[in-house]
Amino acid sequence: SIIRTERMVEETVRFAGETLAVRRHLAPGSAEELRHEKAQKRRKMAQLGGRLAALDAFLGLSGNSNKEISTVEKSGIDWQRHKDETGLSDLSRDPHAG
């Protein structure tokens, strides 16, 4: 059987007027992974490409359009980054963790 591991995705988002790079870990088969795949397909289908690439850029379809995120989403991203940096996400493996 094939075992799929988590996939890391990097996106550019806008929050409070700033552009931020966000890394997320997507579990295989999760709803979040499926949403990400659908969004990528929609973006790719919307692009004209080739000689019409300038039109794509003008319309903002070049794939670089930044998604606006809410305060709640930003808080969740910050919390996940903190857990990754401090090792809090590995508490399930620690027998002494409460």
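The following dialogue explains how to read the main features of this predicted model.

Visitor: On what conventions do the values rest?

Guide: This is a predicted model, in which local features need pLDDT of at least 70 and side-chain atom pairs count only at pLDDT 80 or more, while totals for chains, interfaces and linings use all residues. Residues are numbered from 1 along each chain as its sequence is written, and side-chain values use heavy atoms, with hydrogens and water left out.

Visitor: How many helices and strands does the protein have, and in what order do the elements run?

Guide: Helices (H or I, at least four residues) and strands (E, at least two) are DSSP runs, numbered from the N terminus. The protein has 3 helices and 3 strands, and from the N terminus on the order is β-β-α-α-β-α.

Visitor: How are the strands arranged in the sheet?

Guide: Two strands pair if DSSP finds at least two bridges between them. Here 3 strands form an open sheet with the order 2-1-3 and mixed pairing. Strand 2 and strand 3 (67-68) are the edge strands, each pairing on one side only.

Visitor: Which pairs are parallel and which antiparallel?

Guide: Strand 1 (residues 7-15) and strand 2 (residues 18-26) run antiparallel and are joined by 9 bridges. Strand 1 and strand 3 run parallel, with 2 bridges between them. Val13 illustrates both pairings: its bridge partner in strand 2 is Leu20, and its bridge partner in strand 3 is Lys67.

Visitor: What is to be noted about the phi of Ala16?

Guide: Most residues other than glycine have a negative phi, and most peptide bonds are trans. Ala16 is not a glycine, although its phi is positive, about 55 degrees. Strand 1 and strand 2 form a hairpin with 2 residues between them, and Ala16 is in the turn.

Visitor: Is Ala16 buried or exposed?

Guide: Buried means under 20% relative accessible area, exposed over 50%, and partly exposed in between (1.4 Å probe, protein chains only). Ala16 counts as exposed because its relative accessibility is 64%. Of the 98 residues of the protein, 12% count as buried.

Visitor: Which residues make the nonpolar surface patch?

Guide: Patches are made of residues with over 30% relative accessible area and no salt bridge; like charges are joined within 9 Å, and nonpolar side chains (Val, Leu, Ile, Met, Phe, Trp, Tyr) within 5 Å. Leu52, Leu55, Phe58 and Leu59 make a nonpolar patch of about 430 Å². Leu52 lies in the loop between helix 1 (31-46) and helix 2 (53-59), and its relative accessibility of 44% makes Leu52 partly exposed.

Visitor: How many salt bridges does a search of the whole structure find?

Guide: Side chains of opposite charge can pair when their charged atoms come close. A salt bridge is a side-chain nitrogen of Lys or Arg within 4 Å of a carboxyl oxygen of Asp or Glu. A search of the whole structure finds 7 salt bridges. One of them joins Arg23 to Glu10, with the closest N and O atoms 3.3 Å apart. This pair links distant parts of the chain, as Arg23 is in strand 2 and Glu10 in strand 1, 13 residues apart. Glu11, Arg24 and Glu32 are linked in a network of salt bridges.

Visitor: Which salt bridges does Asp78 form, and why are its partners about one helical turn away?

Guide: Asp78 meets Lys74 in a salt bridge at 2.7 Å, N to O, and Arg81 in another, whose closest N and O atoms are 3.6 Å apart. Asp78 and Lys74 are separated by about one helical turn because they are 4 residues apart in helix 3; for Arg81 and Asp78 the separation is also about one helical turn, because they are 3 residues apart in that helix. Lys74 counts as buried at 15% relative accessibility, whereas Asp78 is partly exposed at 31% and Arg81 is partly exposed at 41%.

Visitor: How does the span of helix 3 compare with the expected one?

Guide: The expected span is 1.5 Å times one less than the number of residues. Helix 3 (residues 71-86) has 16 residues and reaches 22 Å from its first C-alpha to its last, close to the 22 Å expected. Gly87 follows helix 3 and has a positive phi, near 80 degrees.

Conventions. Areas by Shrake-Rupley, 256 points an atom, 1.4 Å probe, with all protein chains shown as cover.
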